[in-house]
Amino acid sequence: MSKIFTRTFRVRWGELDPSGAVSPANYLRYLIETAWDWGTAIGWGEKYSQNPDVFWVIRETEIHFLHPLHHNDEFGLTIWMVNWQRVRGTRCFELTRKDSGEAIAQGTQHIVYMDTKIGRPTNLPEEEVERFRLENPRMFPFERFPKIAAVENPLTPFAMQRKVEWMDLDVYDHVNNVIYVNYAEEAAAQDFSSRGWTPVRLTEANLAVVTRRVHIQYLSIAEWGDTLNISTHMLEVEDTGGSRYVGMTRADGSPVAECIMDWELVDRKSGEARPLPQGLR
């Protein structure tokens, strides 16, 4: 039984975004696949994972992208628990190149153990906690999702709507956690396009907007047919990039998810940072 678990992946063509690198959302897909296999490795088989009385909820994920992944790159994703307190815990993960051991991405994720019948957190039995508890585990710095103040100027945020489609759902009939990152990326692309910098124009200028960090907080479940209001605005803009906030709510204003993405403008071929042109500032 391994309390620190590693799974190996090879990047497939369909996991690349228009820049030729693995998209941020696909890193979270790798993470979910590894977490499921880790559960099997510590003795939680299919019967345990599909127990209708309990389920796991991801509350927050933060991931730092250190180096890009490209087609056919092979890497390992290692995951381990750093603490557990009654109903909730924190796990860390790291992606490293198979050939060199170079770190590609690192992150932290908060999870909660839930009772299906009452819809509230419930204690994970101590004997189950012992399956993954580590003494003095390695940890990455992590801060809880900050409270973002409302934007006073109504012209500043970019807003769009997205209706939840069948292809967005997971086996529980909820929007897959990964899909919210897709929503955030689309809002960012639409925002840049409204400023005159469409994906086509960026490509023609040999430029790409790359994501350096994603911090996402899941607040409630979205289901098929829900219409989500998605708004985004810049939190900070510097010479070569910035940080943006993306909020997702239902029509009645109830929150679904919120995300912060740090981004940078780079040369499409060399990957070197480039000054922001007019319209992206």
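**Strand pairing, helix packing and selected residues**

In the hairpin formed by β4 and β5, where five residues lie between the strands, G101 takes a positive phi near 80°. The structure is a predicted model, in which local features need pLDDT of at least 70 and side-chain atom pairs count only at pLDDT 80 or more, while totals for chains, interfaces and linings use all residues. Residues are numbered from 1 along each chain as its sequence is written, and side-chain values use heavy atoms, with hydrogens and water left out. Helices (H or I, at least four residues) and strands (E, at least two) are DSSP runs, numbered from the N terminus.

Strand β4 (residues 88–97) has eight of its ten residues buried, so this strand is largely enclosed by the rest of the structure; here, buried means under 20% relative accessible area, exposed means over 50%, and partly exposed lies in between, as found with a 1.4 Å probe on protein chains only. Two strands are taken to pair if DSSP finds at least two bridges between them. Strand β4 is joined by nine bridges to strand β5 (residues 103–115), and the two run antiparallel; within this pairing, T90 has H110 in β5 as its bridge partner. Strand β3 (residues 74–85) is joined to β4 by ten bridges, again in an antiparallel arrangement, and T78 stands opposite E94 in β4. The hairpin of β3 and β4 has two residues between the strands, and in this hairpin R86 takes a positive phi near 60°.

Two packed helices are described by the angle between their axes and the distance between the axes. Helix α1 (residues 24–41) packs with helix α4 (residues 177–194) at an angle of about 175°, the axes being 9 Å apart; axes are lines fitted to C-alpha atoms, for helices over the stretch in contact, and angles run from 0 to 180 degrees between N-to-C directions. Helices α1 and α4 are therefore roughly antiparallel to each other, a term used for angles over 145 degrees, whereas angles under 35 degrees count as roughly parallel, 65 to 115 as roughly perpendicular and the rest as oblique. The contact, which means heavy atoms within 4.5 Å, brings P24, A25, L28, R29 and I32 of α1 to V178, I179, V181, N182 and E185 of α4.

The 18 residues of α1 should span 26 Å at 1.5 Å a residue, and the end C-alpha atoms of α1 are 26 Å apart, which agrees; the expected span is 1.5 Å times one less than the number of residues. Among the buried residues of α1 are Y27, Y30, L31 and W38. Helix α1 is followed by G43, whose phi is positive, near 105°.

Residue S243 is placed in strand β10 (residues 241–250) and counts as buried, with a relative accessibility of 9%. When neighbours within four places in sequence are left aside, the contacts of S243 are M234, L235, E236, I260, M261, D262 and W263.

The loop between α3 (126–129) and β7 (158–163) holds R133, which is partly exposed at a relative accessible area of 30%. Although R133 and V82 are 51 residues apart along the chain, their C-alpha atoms are separated by 7.5 Å. N136 is also placed in the loop between α3 and β7; this residue has a positive phi of about 50° although it is not a glycine, and its relative accessibility of 75% makes N136 count as exposed.
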